[in-house]
Structure formats: C-alpha cells, structure tokens
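Me: I would like to learn how to read the features of a structure one at a time. Please begin with the general idea in each case and then turn to the example.

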Amino acid sequence: MDHFLYRDGQLMAEDVPLAQIAAEVGTPVYVYSAATLLRHFRLFDEALAGMDHLVCFAMKSLSNQAVLKLLGDAGAGMDVVSAGEYMRARAAGVPGDRIVFSGVGKTREEMRIALTGGIRQFNVESEPEMEALSEVASALGVVAPITVRVNPDVDAKTHAKIATGKSENKFGIPISRAREVYAHAARLPGIKAIGIDVHIGSQLTELDPFEAAYRKVADLTEALRADGHEITRLDLGGGLGIPYARDNQAPPLPLDYGDVIRKTVGHLGCEIEIEPGRLIAGNAGILLTQVIYVKSGEDRDFLIVDAAMNDLIRPAMYEAHHDIVPVVEPAPGFEPHAYDIVGPVCETGDTFARGRSMPRLAQGDLVAFRSSGAYGAVMASEYNSRPLVPEVLVSGDQFAVIRPRPTYEEMISRDTVPEWV
Ligand code: LLP
C-alpha cells in the first residue's frame, strides 16, 4: 500500500495534488511520501518483533538527507556502501553505532573515515579486505567489529544484474571456505569477527531463496561456534521485492519474510540485522513528468515526456517495468490507446515503455511513473546536460523541495577551464 491515490479525479501524494507540485516545482521531479516510507520501515521493524534486531535502510536505494533523517529519527540504522553514504548518514544524524558498512571494494581511506567517525560493523567481503582493515584499525589503535559476507551459492531468481548470491558473482567469500576465513580473521589484530553477513540479490519475489540462504547461515553459525568463534550477530541483507505492476501477483510481505527469519535463525540467539532498500523506498516515490509532444510514427504513437533515462535509468538498464499513470484520473470505461513512452535523450535506449495501454493523452498532460522511489533519483545523471532531477517530500498536506533543480549556470559552473586551453 502507498499514499499515491486518486481523489476527486486527481492523483495525490498523500493530501497534496501532484498537479500542484508540478506547477510549483516544475517537471520532471521525484515526489516521496513520508507516510509510506515510515509505514514500510515499521512493517520490517514489526516483522522482527521479539528478536533483538536493527533494520538498516539500504540507502543506496534513496539517500536524500531528508529521507535519511525521517527514517533515522524513527529508529532505522543505515546500510552504507561508500564513504559518501557514510557521511550522508552521519550528516542526517544517524549515530555510527547504527551504521553497517557493506561493499566489495572499500578503500583504506573509507575504512579510516568510518573507524574514526564510529561504525557498528564492517561487512567484509574478502581476505585482502580483511587484512587491509586489520592494518588500518591497528594503526588507529582500535578494534573493528566485522562480519564476513558469505556467498551461499543460492539462486535468487531475479534479474542477472541484481543477483549476488551465486558463486559466479563477485560478492562475499564462498561459504565452503568460511571456516578457514574466520580462523584467519581470529589471527589478525585490529579486527574481531562477531557475526555473519549474507545478501543474495534484489527484487526477490519468492521466499525460498532467502530460506535456503538463511539455513546455510544457521549451519555455519553452529560450525563457527564449535570452532570457538563468538557469533552474536547475523546480517541477513536486503532484497525483498515489490509489486511493480499493479495487476501482478504481489511478492511476499515483510511479515512472512520475518517468519522465515524466525524459523531459520531465530533459535540461535543472535542479534538480527536486515538491509532492505527497495521495499521501503520503491513504492514511496513517483517520478512526475509532463508530456512534451504526442508524435505519430508510421505504425505507432509516441508519448514524448520530459523525463528521460538520465532521470530514471531502470527501464533502460534492467528492462524494468514501471506502471505509468495519468495525473488526471481516466474516466471509467475509457478507450485505451497504445503508446511508446519515451524521453528526449538522443538514443533509442531512452524508452520507458512500448505499446503501453493508456487513456488518450495530449501535450501538457502530467503522468507519474509509479514505484520510482528506490534506485530512481540516486541513479540519475546529467546526461545530455539535463540538470539533475529535483526531489520533493510530502507529509500530509505539506510538501518541501528536498533537493532543488540546479540552474543551468550551476550545472555549467562545476566545470573549470584550465588557463592553457
Ligand atoms: N544490501 C546489500 C549488500 C545490497 O547490495 C543491496 C542492494 C541491498 C542490501 C538492498 O537491496 P534491496 O532491499 O533494495 O533489494 N539498481 C538496481 C538494484 C541494485 C541493488 C543492489 N544491492 C535496481 O534498480 O533494480
């Protein structure tokens, strides 16, 4: 459930008409619903009730300061994958002891920043990384808490570009080598292995792969404990999928996911962390855009909108489907028309949908790309020198621009021309 619904024939973001935001901020623009973000966060929090746990928002999915502060104030931790994300989380007031640091390629500088600023744990993905962290922490005179990310070789049954838990993926260490790696960790100064980390992929629409992975983690916990390691924390990653198409069967709910966690690892007495991103942010945001032209091609009609692949890259990159809905509610029983919905960028890849059935639309009409809150604004660029897409946060009947659209001058002034040119 989200808070983008029609009321009196107008698509609203909570109690704010999207048409009003378009008029005041312009398009394209991302619009987020605070109530939806908080609701989704709480669903996970409640799903883990009764277990010692922390829900760490995977802020790679949406990292605006206002969103981080909203979730952080509600008690969320953060899953970060770069020093930039770490700094963003801290700037939004999230304490270091609620931040976990993931990622296969942390640099020594990033380790230093997190260790100096305070960190809950590093999710280490390789032995060279473990050795580097040991050196950096030792030089700083601290002990870094770590989990080792294991690769359970489980098929997440999702898009190849976002599957991470198969042995051919670059992530984690093979679970078959885990005992050796923990023994190695125990010999190194400056680090202490306190848990296990696993993340098998994103947009998972079934629970079985989670269950298979978590069972392997449970077995590994027991094996490592038998080897003398104190395993007190399990980071179970993110990945629960969302319904992108309204008419599709809905993926499992956080509550069912919580039951899988309870069933597979609940008996181990470990502190549980999860790292959801998409399910918290995805359906909490839309991308609002305006039709520039309706163009008749030889055998099809094109809706040319003012959002493009640089604003929302998911369709171009993952063949992702986003429901696209008009801001003015279609009349019941309207005659649908098929459109190719495209942006102004100069490549064919800038296509959001082909043959999409819509009510008839005209120049100036507003449409919303649903389910765009996650991996939308964060993956935007200025390709074709289109100023970075702005963001708006709505709460009840109020809204605020939480990242303004840069002016052309601001965009251009970031470049510098050396004297010798
Ligand atoms: N934890 C780790 C270690 C991850 O790599 C990810 C996502 C998450 C948590 C959060 O997963 P989520 O709950 O959001 O599924 N850009 C792609 C998605 C990339 C996901 C990368 N890792 C897209 O637009 O579909």
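**Aromatic residues and burial**

Me: Is Tyr30 buried or exposed?

Reply: Tyr30 is buried, because its relative accessible area is 0%. The term buried applies under 20% relative accessible area, exposed applies over 50%, and partly exposed covers the range in between (1.4 Å probe, protein chains only). Tyr32 also counts as buried, at 0% relative accessibility. Please note that this is a predicted model, in which local features need pLDDT of at least 70 and side-chain atom pairs count only at pLDDT 80 or more, while totals for chains, interfaces and linings use all residues. Residues are numbered from 1 along each chain as its sequence is written, and side-chain values use heavy atoms, with hydrogens and water left out.

Me: How many aromatic pairs does a search of the whole structure find?

Reply: A pair of aromatic rings is described by the distance of the centres and the angle of the planes. Rings of Phe, Tyr and Trp (its six-membered ring) pair if their centres lie within 6.5 Å; planes under 30 degrees apart are stacked, those over 60 are edge-to-face and the rest are tilted. The search finds seven such pairs. One of them joins Tyr30 and Tyr32, which are stacked at 6.3 Å centre to centre with 15° between the planes. For Phe44 and Tyr257 the centres are 6.2 Å apart and the planes stand at 85°, so this pair is edge-to-face.

Me: In what order do the three strands of the open sheet stand?

Reply: Strands of a sheet pair through backbone hydrogen bonds, either parallel or antiparallel. Here two strands pair if DSSP finds at least two bridges between them. The three strands of the open sheet follow the order β1-β2-β3, with antiparallel pairing. Because β1 (6–7) and β3 (16–17) stand at the edges and have a single partner strand each, one side of each is left without a neighbour in the sheet. Strand β2 (residues 10–13) pairs with β3 over two bridges in the antiparallel sense, and Met12 stands opposite Pro17 in β3.

Me: Which residues lie on the two faces of strand β13?

Reply: In a regular strand the side chains alternate between the two faces of the sheet. In β13 (residues 271–274), Glu271 and Glu273 are on one side and Ile272 and Ile274 on the other; all are buried, and both faces are covered. Strand β5 (residues 53–58) pairs with β13 in the parallel sense over three bridges, with Val55 opposite Ile274. Strand β12 (residues 233–235) is also parallel to β13, again over three bridges, and there Leu234 has Ile272 as its bridge partner.

Me: How many residues separate the strands in the hairpin of β20 and β21?

Reply: Two residues lie between these strands, and Gly396 takes a positive phi near 65° in this hairpin. Strands β20 (residues 391–395) and β21 (residues 398–403) are antiparallel, paired over five bridges, and Ser395 stands opposite Gln398.

**Backbone exceptions and the surface**

Me: Where is Glu319 found?

Reply: Glu319 is in the loop between α11 (314–318) and β16 (324–326). Although not a glycine, Glu319 has a positive phi of about 50°, and at 61% relative accessibility it counts as exposed. Ser385, in the loop between β19 and β20, likewise has a positive phi of about 50° without being a glycine.

Me: Which peptide bond is cis?

Reply: The bond from Thr27 to Pro28 is cis, with omega near -5°. Pro28 lies in the loop between α1 (18–25) and β4 (29–33).

Me: What does Leu366 touch?

Reply: Contact means heavy atoms within 4.5 Å. Leaving out residues up to four places away in sequence, Leu366 touches several residues, among them Ala19, Thr27, Leu288 and Val327. Leu366 lies in strand β19 (residues 366–369) and counts as buried at 15% relative accessibility.

Note on methods: Helices (H or I, at least four residues) and strands (E, at least two) are DSSP runs, numbered from the N terminus.
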